[in-house]
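Here are a few notes to read with the model open beside you. Take the points in order and find each part as you go.

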Amino acid sequence: MSDLDPEQLREALTSAKQIEAALRERLREQDLVLSGIEALQGEDDPAVLQQRAFDLLSRSLLFHLALVLEPDGEDFVCTAATDPAAVGARWRGGGFFNRVAHSGRAAVTPDNRRVPEWQDCQGLSPLPGGGIYAPILAATGPGLLVLCSHTAGAYGAKDGALVSRLSLVVSQTLAAAQRRRLAEAARAADIARQAAVEASEAKSRFLANMSHEIRTPLNGVTAVADLLAMTELAPRQHEMAQLIAQSGRMLERLLNDVLDFAKIEAGYLEIEREPFQLDEAVAAMIDLFAARADAKGLAFTSEISPNAAGLFEGDSLRVRQILANLLSNAVKFTEAGEVRLEVMADDEDEVTQVTLRVSDTGCGFTPERGARLFNRFEQGDDSITRQYGGTGLGLTISRSLAALMGGTITWRSTPGQGSTFEATVRVRRLEGTEALVEKTPAPDQDLGLRVLVVEDNPNNRRIVGMVLELIAAEVTFAENGQEGLDAFAPGRFDIILMDLQMPVLDGLSATREIRARERVSQAPPVPIIALSANAMTHHVAEALAAGATAHVAKPIVPERLIQTMIGLAPGDQEPPALSMAI
Amino acid sequence: MKIATAFSLADCAEQAAFETSRDLHRQLGGAPQLLVLYATEHRAEAALVAALSAHLPGVQIVGGTSCGGVMTEQGFHSGPDGAVGALGVIDRDGAYGVGAAPLVGDAEAAGALAVERALAAAGRDFEIPNLVWCCQPPGCEEAVLAGVQSVIGAHTPIIGGSSADEAIAGAWRQFATEGVLEDHVVVAVLFPTVRHGAAFQSGYTPSGLSGVVTRAHDRQVLEIDHRPAGEVYGGWTEGAVGAEGAGPILAMSTPTPLGRVAAEVQGVPMFVLSHPALLGVGGDLSLFTDISEGDVVHMMRGSPDSLVKRAGLVVDDACAMGGWEAGDSLGGLVIYCGGCMLHVRDQMDEVVDQIRHAMPGAPFLGAFTFGEQGAIVDSCNRHGNLMVSALAFG
């Protein structure tokens with residue numbers, strides 16, 4: 001061994017000790033990161049996790065304040081801190097914060113007061129010492145972990161690198177907090193959705209019940225008024241009876257509006273696809289509103305494109321409803337001049353776009369008011385509601401109906417000069433010339449039908465009885481479903497009128513039982529007409545599913561009920577002349 | 001980060017700048033952001049920096065004069081017309097800046113001003129860099145370090161060397177982006193995107209002889225253990241130094257410098273050396289470092305063989321401190337004491353081999369200085385003599 005060996009050994013020892021110290025420091029850093037990750041496991045309380053992250057940092061190096069900054073638009077906001085008073089402090093994000101947050105590398109400053117972002121900080125003053133700014137991944141985007149010291153130049157880049165590694169733990173903490181927030185938000189949303197569903201269902205039930213409760217007495221009013229008008233009355237009395245019937249119809253329309261709206265909101269409204277004559281459907285509306293316009297001293301002109309003639313598949317009732325709403329508004333809001341209707345049909349590939357354009361020379365409205373027209377319960381303004389009446393649902397419903405039929409409603413208007421509304425719907429043109437079979441009743445007073453009326457409401461039994469007198473039916477009454485079943489025997493009745501909501505046994509159950517008995521005895525099914533104020537589509541569907549042959553909504557319009565009965569009665573029945581003497 | 005080195009032995013500054021910039025450009029594929037430039041006093045001409053700046057637009061330059069030559073991975077470069085060596089860095093996601101300040105009276109203030117300017121040039125005015133590279137003339141290094149630390153704190157490694165000349169005649173200069181400077185501090189701040197490791201060591205061991213400085217003034221040791229310092233030191237060297245009376249003793253004292261404990265790593269003392277340069281007529285010793293009364297000085301011993309191997313070992317340590325295997329180095333800088341270089345000049349090729357072995361395949365630039373600065377145990381910044389300071393990237 002040479003005499004130089006001690007020098008070399010000493011150099012080697014010095015090197016080894018330095019390297020060992022560096023390795024030990026690196027191991028310590030790795031241990032810190034690992035212990036930080038371990039500390040997060042099995043815990044999902046964000047507050048506990050955050051505290052553990054801060055504890056980990058304080059084991060790593062000395063600091064006086066630790067801040068977690070999350071981006072909020074252009075700003076950074078303190079969402080967690082070792083000093084709770086710092087939470088909520090806000091920095092305007094400048095070049096430094098944004099660079100560090102997005103660079104993935106920590107920055108170290110000798111004096112926080114020199115960092116420009118601190119100049120405009122709201123809610124916190126910079127500590128007059130060194131700082132470490134490490135990037136983290138917050139829920140709202142790249143954020144910062146900031147450690148502040150009271151001592152100037154307290155940190156070096158090596159400290160920054162360590163904190164940068166530990167910021168992973170903070171990011172995990174924030175992710176855990178975010179997961180919990182998301183889970184809580186999802187839970188809250190689920191609860192809110194469930195509540196909304198329940199509220200919607202409750203509203204639908206309420207509306208259905210109200211519909212029933214309102215329709216039942218309304219049925220009495222209009223049906224009796226109709227019947228009364230058919231009796232021999234003095235002209236003045238006849239006029240009064242007609243007025244009562246008209247008022248009842250108006251109430252019915254309002255009720256239908258409310259129900260339609262509820263159905264649209266609940267997603268229950270369904271569009272029928274039945275063949276119909278567009279020009280005929282339009283013509284019926286023209287007749288009606290031309291008369292109303294004439295009564296107000298307004299001119300009424302119409303132009304129906306030849307292309308609109310023919311057979312289409314769609315929902316004629318809803319098309320007429322839209323048109324009636326537009327024409328009704330035009331007549332209602334026009335005091336002088338004219339109301340004009342144009343109907344066009346443009347054939348496209350598979351469908352035909354029908355345009356209903358209604359123009360008037362009425363009061364018109366400003367664009368601002370126009371923008372609110374389709375809001376529910378809105379009319380031009382409150383004074384219009386007071387002046388002209390109405391629910392304010394008509395246009396909302398019409399636009400929803402148009403949308404359900406693949407179209408929309410647009411408008412243009414000049415205050416004081418008039419308005420033009422244009423509704424479009426999509427229908428399918430049917431080929432061929434097969435005309436719709438119109439069941440036009442012819443008067444006949446004696447059909448000789450044997451009818452079982454199952455109805456719990458005495459007034460309704462009385463009204464139905466009066467109607468059936470018109471056709472000289474042989475009527476058997478039952479006051480609930482069970483009595484109806486007791487009275488029923490296969491072949492005993494030609495038609496059964498079945499109320500749906502009844503005590504003891506409801507109409508749906510009674511209908512099912514009748515069908516069951518018929519199947520057992522192999523008897524032909526007797527026509528059952530469900531009579532109900534539950535006019536919402538799903539109620540009709542339920543009735544038909546239970547075995548009802550048809551559904552007639554209350555209030556009962558005598559003519560409608562009789563026509564339905566004639567359509568279902570065995571053999572070729574002829575409808576009666578609807579007049580009677582009481 | 002891409003690193004490349006180039007050198008030139010050309011006899012004029014323009015040609016040297018042309019060759020250097022051409023080679024760097026070819027290796028890096030563009031102009032470097034930072035150029036660490038060392039050249040012998042022959043090439044300390046304004047034209048050198050001007051031509052380099054012209055050939056490498058946007059480059060920032062830091063460095064100074066080197067004693068006797070320069071070294072790169074291609075060898076030890078020294079010629080009759082001097083030598084130029086340069087290390088270029090491209091690191092687009094990193095940040096680099098160079099600042100300079102004149103040493104007019106207050107070296108500490110100059111250090112502070114230079115680092116402030118460097119940070120501004122890097123676009124990181126109020127931040128602490130990962131590393132600082134410095135160059136200044138011999139004589140005020142401790143104050144320069146204090147000045148830099150007054151701005152960025154004491155936790156950032158400050159590495160570099162004091163500019164040197166060929167005959168200790170004050171022909172040393174500093175290189176900065178703005179040109180060739182005299183009596184300036186030039187500082188580069190580095191925010192690299194890759195890992196770095198630094199080591200600062202001497203190849204000397206304590207002899208067992210030591211004493212307490214009982215009288216001192218700046219860089220003069222007047223008494224050790226209340227006896228004339230020259231007399232004590234002469235006794236420790238058994239007459240090898242000082243027997244010829246007052247005068248320069250730099251070469252004679254190289255194997256036996258004085259050392260002070262700068263830090264201890266797990267019980268092992270880390271020495272920073274002071275090179276006795278002059279024996280005064282009053283028996284005092286002039287050093288290349290500051291000294292204070294109360295300092296314990298040890299006589300250290302080193303051999304030529306140790307000096308040859310030392311550079312490679314320190315580079316080894318720098319890589320180990322950075323935490324990567326030797327083969328993964330991207331490149332580095334080595335500051336080697338000019339006095340040591342002169343002592344083993346004939347073996348410089350072996351010194352280069354040792355460094356190549358420690359950083360295989362990686363480019364490096366080495367300069368020979370009259371004072372070395374580095375970080376002991378990472379970030380304990382010191383100025384010393386007869387030291388090797390290494391910085392490696394990996």
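1. Start with helix α2 of chain B, residues 46-55. Its buried residues pack against α1 (13-28), β2 (34-39), β3 (60-65), β6 (84-90), β10 (174-176) and β11 (179-181) of chain B. Those buried residues are B:L48, B:V49, B:A51, B:L52 and B:S53. Buried here needs 20 or more other C-beta atoms within 10 Å of the residue's own, with C-beta atoms placed from the backbone. Helices (H or I, at least four residues) and strands (E, at least two) are DSSP runs numbered from the N terminus.

2. A word on the ground rules: this is a predicted model, where local features need pLDDT of at least 70, side-chain atom pairs count only at pLDDT 80 or more, and totals for chains, interfaces and linings use all residues. Residues are numbered from 1 along each chain as its sequence is written, while chains are lettered from A and ligands numbered from 1 in the order in which they are written.

3. Now look at α7(B) beside α9(B), residues 348-358: they pack at an angle of about 20 degrees, with their axes 7 Å apart. The two are therefore roughly parallel to each other (a label for angles under 35 degrees). Axes are lines fitted to C-alpha atoms, for helices over the stretch in contact, and angles run from 0 to 180 degrees between N-to-C directions.

4. Which residues of α7(B) meet α9(B)? They are B:V308, B:K309, B:A311, B:G312, B:V315, B:D316 and B:C319, and they meet B:E350, B:V351, B:Q354, B:I355, B:H357 and B:A358.

5. Helix α7(B) turns up again where the chains touch. There, 30 residues of chain B are in contact with 31 residues of chain A (contact: C-beta atoms, placed from the backbone, within 7 Å). On the chain B side, α4 (141-152), β19 (268-274) and α7 (304-322) each supply at least two residues, and α7(B) gives the most, with six.

6. The largest nonpolar core has 193 residues, and A:L144, B:V115, B:V148, B:V186, B:V187 and B:V315 touch the most other members. Such a core is a set of buried Ala, Val, Leu, Ile, Met, Phe, Trp, Tyr and Cys residues joined through C-beta atoms within 7 Å. Apart from this core lies another, of 40 residues, including A:V454 and A:L468.

7. Finally, chain A: it has 16 helices and 18 strands. Buried residues make up 37% of its 582 residues.

Conventions:
Contact = placed C-beta atoms within 7 Å. Buried ≥ 20, exposed ≤ 12 C-beta atoms within 10 Å, placed from the backbone. Parallel < 35°, antiparallel > 145°, perpendicular 65-115°, else oblique.
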